[in-house]
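Dear colleague,

I am passing on the structure we spoke of, together with some notes on what turned up in it. Please open it alongside this message and follow the notes as you read.

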Amino acid sequence: MNARAPKFTSGQLLRLKALERPVVDFVLDGQPAQALAGDTVLTAVATQARQLRVNEFSGQPRAGFCLMGACQDCWVALADGRRLRACQTPIEAGMHVLTRPAEEDRG
Amino acid sequence: MTLFPARQRRPEADLPPVIVGAGPAGVRAAETLVAHGLAPVVIDEAPRAGGQIYRRPPEGLARGAQELYGTEAGRAQAVHAAFDALQGRIDHHPDTLVWNAQPDLLDVLHAPSRTLGSLPWRDLIVATGATDRVLPFPGWTLPGVYTLGGAQVALKAQGCAIGDAVVLAGTGPLLYLVAYQYVRAGARVAAVLDTSPALARWKAAPGMLAQPAVAAKGLHLVAWLHWRGIPMHHGVRLLRVEGAQAVERLAWRDSGGHERRTACTAVGIGHALRPETQLADLLGCEFGFSALQRCHVPRVDAARRSSVAGVYLAGDGAGILGADAAEASGELAAWSLLEDRGLAANPQRTAQLRRRLARIERFRHALETAFPFPQDWAAQAPADLVVCRCEDVTAGTLRETAARTGARELNRLKALCRVGMGRCQGRMCGAAAAEILADAQGVPLAQVGRLRAQAPIKPLPLDARVAQGGDE
């Protein structure tokens, strides 16, 4: 069962290996998007965007840093209100990830 | 044994030993305990054992060991095989974060189910590993800048390069290992920028003989990169990451003093590693300052006992010695636990492990000579450099606060200007903040202290719920 290859335009991360995986449909900032099974939320977003979140103090974009759950710079909100560390959470079908602050971020 | 609801306890006598961390140290500790009839609880934040250096990709991203781990493939496979052989004989809790440590209870979060629980303990081996040590430079918070360890995780665990044109910068053996892994995987490495002077490696050569195989591997990596024509520079000063919304260029000064710019879309940075000591801190372990590592580490005796009875410390989480040392210290910690329980002793083996660790320690000194910490980093950090990326606190603010208040201790500085007060609890900024404070006040680094850990050691989701039921 396979992959129509997802379209990756202006992403940060570049896929090099293990490209033949089932596609996972999710939603990114209100738009339909595709990831591959086994992607973390961070990978799913950052392979097609260069922003994961906005820092609440500087107002500047962030796209993760340590990728191992230490820096805490990859917390993203889902549309259902859940917040998670994107680098340690697998992407799930139907997840609606928000990378821009919809409302005041209370950290 | 299931996770208990918070605050429930069991009688002490039948408590199995608990191991926190399933990297090389935790795995060898578990293996040793199981070999002597114990059934340890192994709690690991990751879904699969291996830690960071031998991190296993999720199912479905599996690739050959040679491809994933390169020169470390043999060791990685051995560690994975050792852990796999323990299935059914340990109580393994993956995807589980220990967020607090009390004298008789560990508080845990099972991330996928967002469930909180508590685990009583009597003997504990803490093997919590390390992260990159970060020395910030202007623009380091831009999207596209990652740690060297992060660059490695992206490739190993997710099959991705951090960008389509990557600059790797900083110093340490990891710089060259990541470059090698990236080029082999087909990534474009635009440059490898080492802040250490070219001669440093030659000065270190005699000391490297403490571990000739490791040193030879390093030389092989560098030679291979040369052969592939990867631009490599020494004696570099990193000036600035530039870009409107994300990385576009890296500005740097070469060893001749000329300013250069390298176009890129990602930068991997790191200057060696720093230990994850939060649990040891919460457990009340005594710490001491390591001049070599330029940080405070929990005290351990030669047999890996901490200052707290029943708490043993293994692997990089107790001080950076590398993956091979982690395997040895993991096993050694388990032997100490067995001895203290009166279950087994093997003086010959433990002496052998201690000798191995001593040899590795000598080698670490040589590594520091080859890849020295840039001593002038703090003094030359510009005032507008963001040091604390969580709270957006600049070097200028740190210096101004120190000057105005006379603060000479890191926790005080944190209370006054918020450095280290953010979600990462100073993991990313603690080393840099300490260097700047010591430099600003003209005191030795040891004297400014260390950021004290606080529970939860990582943020917990607000909707986490307490586990119901459990054994009565």
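By a nonpolar core I mean a set of buried Ala, Val, Leu, Ile, Met, Phe, Trp, Tyr and Cys residues that are joined through side-chain atoms within 4.5 Å, where buried stands for under 20% relative accessible area. Please keep in mind throughout that this is a predicted model.

With that in hand, the largest nonpolar core comprises 118 residues, and the residues with the most contacts inside it are A:F26, B:Y182 and B:L250. Helix α5 of chain B, residues 173-184, supplies the largest share of this core, namely eight residues. Apart from this core lies another one, of 41 residues, which includes B:V42, B:A82, B:A333 and B:L357.

A:F26 belongs to chain A, where its bridge partner in β3(A) is A:A33. The strands concerned, β2 (residues 23-28) and β3 (residues 31-36) of chain A, pair in the antiparallel sense over six bridges. Their hairpin has two residues between the strands, and A:D29 takes a positive phi near 50° there. Chain A as a whole has one helix and eight strands, which follow one another along the sequence in the pattern β-β-β-α-β-β-β-β-β. Of the 107 residues in chain A, 49% are buried, and among its contacts with a separation of 6 or more, 44% are between residues 24 or more positions apart.

B:Y182 is one of the buried residues of α5(B), along with B:L175, B:Y176, B:L177, B:V178, B:A179, B:Y180, B:Q181 and B:V183. Nine of the twelve residues in this helix are buried, so α5(B) is largely enclosed by the rest of the structure. The end C-alpha atoms of α5(B) are 17 Å apart, which agrees with the 16 Å that twelve residues should span at 1.5 Å a residue. Just after the helix, B:G186 takes a positive phi of about 95°.

As for B:L250, if its neighbours within four places in sequence are left aside, its contacts include B:F137, B:V167, B:L193, B:L238 and B:V241, as well as B:R260, B:R261 and B:C264.

Chain B also holds an open sheet, in which five strands are arranged in the order β3-β2-β1-β7-β21 with parallel pairing. Both β3 (91-93) and β21 of chain B stand at the edges with a single partner strand each, so one side of each is left without a neighbour in the sheet. Neighbouring strands of this sheet are turned by 15° against each other on average, direction ignored. Within the sheet, β1 (residues 18-20) and β7 (residues 124-126) of chain B pair in the parallel sense over three bridges, and B:V18 stands opposite B:L124 in β7(B). Helix α10(B) packs on the sheet, where it touches β7 and β21 of chain B, and its direction makes about 160° with that of β21(B).

Helix α1 of chain B, residues 24-35, has twelve residues and reaches 17 Å from its first C-alpha to its last, close to the 16 Å expected at 1.5 Å a residue. Ten of the twelve residues of α1(B) are buried, so this helix is largely enclosed by the rest of the structure; among them are B:V27, B:R28, B:L33 and B:V34. The cover over the buried residues of α1(B) includes β1, β2 (41-43), α3 (73-84), β7 and α10 of chain B. The helix is followed by B:G37, whose phi is positive, near 90°.

Finally, two loop residues of chain B deserve a mention. B:G319, in the loop between β21 (311-313) and α10, counts as buried because its relative accessibility is 6%. Leaving aside neighbours within four places in sequence, B:G319 is in contact with B:P275, B:Q293 and B:V297, while its C-alpha atom is separated by 8.7 Å from that of B:H296, 23 residues apart along the chain. B:R341 lies in the loop between α10 (323-340) and α11 (347-370) of chain B.

With best wishes

Methods:
Residues are numbered from 1 along each chain as its sequence is written. Chains are lettered from A and ligands numbered from 1 in the order in which they are written. This is a predicted model: local features need pLDDT of at least 70, side-chain atom pairs count only at pLDDT 80 or more; totals for chains, interfaces and linings use all residues. Side-chain values use heavy atoms; hydrogens and water are left out. Helices (H or I, at least four residues) and strands (E, at least two) are DSSP runs, numbered from the N terminus. Buried means under 20% relative accessible area, exposed over 50%, partly exposed in between (1.4 Å probe, protein chains only). Contact means heavy atoms within 4.5 Å. Two strands pair if DSSP finds at least two bridges between them. Axes are lines fitted to C-alpha atoms, for helices over the stretch in contact, and angles run from 0 to 180 degrees between N-to-C directions. The expected span of a helix is 1.5 Å times one less than its number of residues.
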